[in-house]
Each structure stands twice: as structure tokens, then as C-alpha cells.
Amino acid sequence: MFRGSRRALAERLTPLVRAQWGDAEAASLLPACGPEFVSALLPELAHAVTHWHRLGRCHPGPVLDQAAAELAELPEGLRTSWWERQAPGLAAALPAAPQRVLGLLEQYGPGRLPRRLDDRVGDLIAADAERFVRWLTSPERADGYQERLLPPSRLRQLVRADPPSLPALGRRWAGRPAYLAALLKALPPGRRAAFHDAATAHLPAPDGMVPDDVLAVLPRERRQAVARRRADRARRDAGAADRVLEAVAHLPVAEARPELLAGTRSSDADTRRVAWVRFVENAVHASDAEALGGVLELMTRRLRNERDPVRSAALAALSRVPVPLLAAEASVACLERIAVDAVEARDHSDDTRRALERLVFAVLEEPAPSCVLLDWALRTLRERAVRTGRLLHGGYGGVLPRGREQRIFEVLRPWLDGRASKGEYEPLLTLVSYLGDRCRRMPELQRMLGESLEQCAGGVFPRLAGVWLSDPATRGARVAVLLEREPSAAALAPVLDVLSAHRTDLLDSALAARPPYGRFLREGSVRPLPRLERADRWVPRQQDEAAWLAEVAVGDESRTVYERADALRSAARIPDHGLEFVRRHARSADTRLAETALAAAARTVEPAVVLPELLAHAGDDHARVAVYAAGRAAAATAPTRLAELLDGLLAAPSGVKVTSRKEALRLTARFLPPRRAAALLARISGNADSHPDVATAAVSLAIGLLGTGEVWDLLETAAASGTREAGAVIAHTPVLSVAAPHRPRYARLVALLAASPQRSVAAQAVAALPDWVAYAPDAADPVRRAVCDLAPNPGWQAAATALEKIAGSGLPHPVGGGEPGSQFHRAVDGLLAVVRSGDDAEAEAERDLPALQRVRFLSQIVAAEHHGLRAALVRQLAGEPALATARVALLRRSVDLRADLPELRAALAELVAAHAGRPGLAATTAVSLRDGNRHGDRVGDPAVVLEAVRGLAQDGAPVPGLFAVALTSAMGGRCDWPAEWRALLRELRRHAETEVRDAALVAITHRE
């Protein structure tokens, strides 16, 4: 219907199919229906759609309407999972309505694009680059290392669009050098310096410390200025020769040459190795072919007698040089001398060989190298082949410019002819494998292959034949020529492949009672079979002969059991013979053959016929094969017949293995009408004699049939009094796999599990409830009770984590948040009441302050982004001496150096106030404040932090002074101690309080 555009028929069938076969089958018809019909029915069937890509391509409007409706109702914590599940449909619908997808991203977007949407970024940029960049840089999106870098082509498209928010993207990626470098590289060179300054102006980056990735794409003048500062700094550090050379490589050629030249003359081999690499890079950075020629000329005089590690590093650096810089004749002459010296060296290593190969292939793959350079690469390729007797390994097939493969073949042909004349065809096969399909368009190479087939020995003939017959356009004619020349070639695998699938008119010789014995098939040897799985292409006479050959092969005990099993497996597909063939061998005394026959029975042309026979093995030792093969046979069986067979198997009181019963249940849920399947699952689950594993399988499968209604009693019974395994299955069901209308009832089912007497089940249910409370707010009660239950319970930490998730989920009060009356506030209140009452078990043999431990744990796990919850908990813990440390830790985490000045000053003031009369605690907090801010997210504006810290320093009291020292030490180190932070440190070293002065003296701006 989909391919035939039978829209009216599909719309008439969909309600009928839904009534009989359920939502999943009806949803599969939606792509063939009309857009109005899909818009009306998709809200009811969305949960059952499994082919979102096709549906999104056919009906983008209804798919996007459904996406907007679902996202509007979905809790925030489930949106990321939703985007991953629905990404195929959105990606397919995006080209038709990119603006609508942008709107969904802006309003409900995930922290990062799903991978399926990555390929459609170009459509989003083309639709509205500014909106896309604003979404990329929105503060609500996670700024972690999970964000993926846009491909270079998309970055260039973004730069061409030049949206006003592009600098904001640079600022977002300023702390990620590889990302910023990629964005800078997409910009025109003239814009890069200003863009880099704008992107990094807010960063407290050490002076001159531009990351290598970014430095490589900056304009030459800026790069050289940074390199000078780097080199000066490295020279001041003893033992930093490598870093000096690395920095010097970015300087102008004349300025860098003396130091690089001195490095190549160092007595230390490691320094020489680095110096040669930087010498080459210096010329590349300057794009100076003449300077590179000078380096090459120097190499011809110096590398010949160098150690191999130095020589291999220099060659590796040359292999990375842009090919146009090597085009000069003088440079090519030097390259030839360097290559000869490298391969003639006594300590010639694999590293040197691979570096030379990369250099040669870099030239061969260049679209337009100079003639002399290309001639050198081809000449080196040939000379290396002559010297070593093998071709260089490069994998250059598919990346060579058009026609370059012909030049390579012409250069290598005399050598290939010489090797072939000696009966050595491996080089020819290597070249053909490198060139891949290109060799089909090379008549001379094909002629050489044909001549090699006539002359080669038997060992290499099959491989040559496979290559010669690989071209679909000529294989039919060529196989006829091959068989005429050598009839016994019909026994070779490449020939049999062609005969079985394409030249069935020539297949008779391979099927004859007496095959064509000869060069490739000796009398008495094992006879290879044609490809029996292709027997549906053959005439009945050939099928009869193939069946006879397969019978002989399976019965031939001189063959290995694996060969016999392969023949049996293939013979099952022979029309009119396969069914009886596998039936006979299913009774074999050989276990492998019998089980191979059972597995192959489902692949015959009549799999439904053998289903009863397969299920008959459900209780014997062959069940491990037969019952799983029955799954394929069941797909071809009429539902009424299948229901009878499965019902009979499941009703059998004995004689059926547990694994067989479980597989029968899976077949029931997969192939029977949903109501029939639900009734059968309910009967099995309600049978007291059912094995626990079988009952668990019934519960698991019933979750997929919630729309029938009959399975709810089964699930509620399992939740109330079922096995531990059944409870785990219910608890682990993802929210998005349950249709939206069923989620409230299912949430109450999970809440029921949370009260289970089986602790492991209750713990799993409690851990799952944060995702369900949006649909059943009362489901948060079991989580709170689990936290407040002070009975010994190893799962209380998981319950506390779940409670924090609920509180920070953004759900309305009283489910979410930490204000009075909320679930979180009530839990903390209950625990604090125990702490205040003095009833908290203290220093007992196996317990110590359980209520206090729970409150401390709750304070520790409040997520950084849950600012409101943290503030509410700070207020709630005020005045509790036993929890002063926990409250201080919350306040310290509230100090956000990215905040505005008033907010930052308020957070610091509250932190200072919490330490009144607690000098020891203040010293501990100062250490944490220093260590916690030495690294981390970028600071919005270092000047704001400086002003706030200066206010602490000028307070004069000891606690603010200690905190000022801590933040000065942290920020000074992050900023590489600029003048303003050093001035503040000097001021703190003259503070009125001795403790502050001592702490400031410990902070050092530079280690001697």
C-alpha cells in the first residue's frame, strides 16, 4: 500500500487492523495514509510507532504537531530521553519545516542535539542561522564536554551566514581549544584575530598561553607574537628545550633558524629529533617553499649518518608538509637523496618505512602535484618495490585523482611482468586490492589478469579468478571462457558463486553425477557444492540434482561435521526438497546434524508446516534449538493455528522446559492478536503452578499490552504479591515506553511496589519513582517515607537521591522544590525532629546517628543547578549546631564566580556570617574555597570577582580576610597572577589579622 500509494485502502484498513491486532500494527499503516487521517489518529498511536523516520518523511506536519504536544506535557527530566527516541522522525521531518524544529529546540531542546539530528544541522542553519546559534549558546543548555563539535562544512556554512550571535558561540567554546580552533579555521584569516580577542576577552587565561590548536589557526603576526612570549618563558625554565623549540617554530624563518639549527646539532638525540620536526614545521608555518628547500638540503647532508629515531621523525614531519611546498626541482632532488639514504641505512626501521610511504602516498593522492614531484613519487614507489620485492602499503584506492591509477600501473608494469614471469602473482593481487573497483576500467590490467590465469599455478588461481570475475558487467562471459579453458574450474568458490547466481545455464557441470575432474578437482577429493541457497533460481532438474548432491555430502563421513552441517543448512532452501531433507536429518543420531536440521527447518519454503514438529521438541534436549527456530516458523503461521499450538504447549502440565514456555509466551505476545495474547498471559501468570520465571516473563510481556485493559489485574497482582523478579521488571520499565494515557495508573503501580516487603524490589521502585511522580503526585510519598524510615536499610541513600531528584525536577509545589510543605522539606523536618529530640541512636555497636547522617547526605547531593532547593535547605538548617558544617558546605557551593557583583557579594556575605565564632571552621572553609575554585567553569568577568574579593580584604575581620586570601590564591593562579591580583595579595600580607597575613604568605605567585 505504501509503495502503491493506496491511501484510501490504508485508511479503511487501519481501524480494522487496530481493533483486531492492536496499536502497533495499525501504526505501521500510517505512512500510507493521508495527512488529515494521520493528524487525527497519531495522538492515539504515537506510543506504538516504530518507524518514525518513514512517518516523518511522509507526514512532517502531523509528526511535528505530535512532537510539540508531547513535549508540552512531558516533565523536564524526561525530555532528553524523548529527543533520543524521536530523533529519527524529527530528522526526517526537518527539511520540510526547519523553523518548527528550531522552535521545539528553543522551547524544549535537550542539552545537545541527538546524533540523528546532527546530519540535519545544515537545514537548521539555512533556515535561520541566528536562531540556531542562539540556541547553541543559550545558558540553559549544558556547557559540558558532552557537546559535539559541528563538522567543518557546517561551521563554514555558519560563518558564511554570519549571524550576530556568532561571537557568543566563540565565547562558549573559548574554554575548549579544539572547538574554538575549528570555528576560527572556518573564518576568513582576516577576521580571526579580532574574533579570538572577542571570544577570549572574559577568560582569565595566563599571559601568552594560547592553546596549540588555537595558535595554529591564528594570523601569522599574532601567532609569532604569542610564540615569542612562549619562547621567552620556556627559556627561563631549566630543562625546557623541547618547549623552546616548539615555540620558536612559529617565529619568522630568519629569526627561528639559528636556534633550530643549534637544536639539530645538539648532543642529545631527543633534542635533535624534536629540532628537525620543528625545523620543517617552521617552514610550513611560513608557507615558504624556499626555506623548506633549505631544510631539505640540510637534511641531505645530516640525516644520512643520524640515528634512525631522528631520521624517522624527520621523514614523518615531511609527510605532513603540504605537497605544493615540495614542488621545486631542487626540493625533489633533495627528497630523492633523503629517501635513498633512509632505505640504505643499516638501522632502517618500520617507522622510517612507514614515514616514507606516507610521504609517497601524500604526493600520489595530491590532485595536481608538479610533474617532477609526481615522477619522484612514482619512481620511489617502483624502486621500493624492486628493492623489497613487495608494494608499499598505503591503501590509496579510492582517494587517488582520476587517472592516477593508470600512471601507477604503467610505472609498476615492467616489475609486475617480471614477477609474473617467475610465477609470483602476489604483487599483482596486492595492486588490484589497493585499486579496488578502479581496476575494472583498466583494460591492460585486466589483460594481465587474464594472462596470469593462463600461466599461474593452482594455489593462486582461485584468488586471481575471484578478481577477474568481480566485475558484474563481464563476469557472465568470463566464467564461460574460464570453464571452456579449464572445466574443472567449476569446483572453485568464485566460479561456483557466479554459476549459482548468474550463469545457471552453465551449472550442469557442477551438478553432474560425475563432475569435471582435472586441475582443480582430483578424483577422490571432497567435491564442493554449488551455492544451494540460490536454488530458487534453478530449474527443477537442477534442483533434483542439487538435492542428491547435498544428501551425498551430508552422509559423507570423510567430511568434517561442520562441512556436513553447512551442506545441510544450505540444502534446506532447495524448493520441493528442503522440507523432507531436514525432516530426515532431524532424526539423526549425530546431535550437531540433528540440531542443524531443526534450525534450518524454519528456513524452508514451508516453515509453517514444520512448526508443530519444532514445538514437539519443547521438552527434550533439542529444545535449545527447536524452540527458537519456531519463532521464524511462527511468523509464517496463521494466527488461529499458532494460537492452538501455543495454547497446547503452555497448558501442558509437564514435559515442557521452562525456557520453552518463556519463548512460547514471547511468540504469543509477538504474533497473536493482543486480546488473545493478554488473556493467555493472564492465565499463565494467575496459575499457581506456573514456574516463577515463566510468571515473570508473562508480566514483562504484559507491559507491552496495556492498551487491551485485561493485563492490569495481572500487573497489580504481581506488584502486590509477585516475585522479586516480576517486581523488578515493573520497576525498570521506562516511562516513555508506556503510552501517555496509561502513565498515571502505571505510576501508582510503581508506587505500590515501593511498599513491597521485599527490600530489593522496594529500593528499585523508589529509585524509579522520580520519573513517574509527574503523572501521580502521590507517588512521592513512598520516597519520603523511605528516607525518613530509620530502620536499618542499605537502600536509604538511593531513596535520598530519588527524593532530591523529585525536589529538583521543577514539578509544582508540594511535589517539587524545598519550600515548607514540600516532600523534601517534610523529609528534612522529620529527620531534624529526631535529631533535636535526642532519640537518634548514638555510638551503638552497629548504628550511629542515622537521622543526622541522612540530613548530611541530603545536603551533600543537592545538585549545583538546583539553586532554589539549596537556598531552601540552607534556611531550614539554620540554627542547628550539629549541621553547621553541612550548612556551610551548601553556602560555599552557592558562591558562583560567574554571578553578577551584587549576587556574588551577597553569597560571600552569607558565607561569612555563617562562620561567626567558628575560626576553625572558617580555616577549613577557606581551604575548600581555594581548592574548589582553582579550576572549573569559565569566570564571567574576572573584574567582578576581583571587586568582590577586594571588599572581603577591606573588611578587616579575620573570616573575610581568610576567604579573600583563598579566592585570591585561586583566581591569581587561574589568571597567571596579573598585576591587580598580585597587588591584592600584597595588601592581604599586610592585613591587620595575623592569621590572614600568614595565609597570604603561603600563597606564592611564582615558584623559584
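In helix α29, the buried residues are Pro 494, Val 495, Leu 496, Val 498, Leu 499, Ser 500 and Ala 501; buried means under 20% relative accessible area, exposed over 50%, and partly exposed in between, with a 1.4 Å probe and protein chains only. Helices (H or I, at least four residues) are DSSP runs numbered from the N terminus. Because 7 of the 9 residues of α29 (residues 493-501) are buried, the helix is largely enclosed by the rest of the structure. The cover over these buried residues includes α27 (461-468), α28 (475-485) and α30 (508-511).

This is a predicted model, in which local features need pLDDT of at least 70 and side-chain atom pairs count only at pLDDT 80 or more, while totals for chains, interfaces and linings use all residues. Residues are numbered from 1 along each chain as its sequence is written, and side-chain values use heavy atoms, with hydrogens and water left out.

## Nonpolar cores

A nonpolar core is a set of buried Ala, Val, Leu, Ile, Met, Phe, Trp, Tyr and Cys residues joined through side-chain atoms within 4.5 Å. The largest such core has 315 residues, and the members that touch the most others are Phe 132, Met 299, Leu 318, Leu 364, Trp 376 and Tyr 746. Apart from residues up to four places away in sequence, Tyr 746 touches Ile 703, Leu 706, Trp 712, Val 729, Ile 730, Thr 733, Val 738 and Trp 772 (contact means heavy atoms within 4.5 Å). A second, separate core of 16 residues includes Ala 10, Ala 27, Leu 30 and Trp 52.

## Cavities

On a 1 Å grid over the protein atoms alone, a cavity is a set of points where a 1.4 Å probe fits but cannot get out, and a pocket is an open set with protein on both sides within 12 Å along at least five of seven lines; lining residues have an atom within 4 Å of a point. Grid points are joined across faces, edges and corners, and a volume is the space filled by probe spheres set on the points. The model has 3 cavities of 30 Å³ or more.

The largest cavity has a volume of about 70 Å³.

Of its 40 lining residues, Gly 22, Asp 23, Ala 24, Gly 704 and Leu 705 lie nearest its centre. Helix α1 gives the largest share of the lining, 4 residues. By class, the lining has 23 nonpolar, 11 polar and 6 charged residues.

## Two buried residues

Glu 663 lies in helix α38 and counts as buried because its relative accessibility is 10%. Its side chain makes a polar contact with that of Arg 666 (3.0 Å); a polar contact is a pair of N or O atoms within 3.5 Å, and within protein one must be able to donate a hydrogen and the other to accept it, with residues adjacent in sequence counting only if both atoms are side-chain atoms.

Ala 841 lies in the loop between α47 (823-837) and α48 (850-861). At 17% relative accessibility, Ala 841 is also buried.

Conventions. Nonpolar A, V, L, I, M, F, W, Y, C, P; charged D, E, K, R; others polar.
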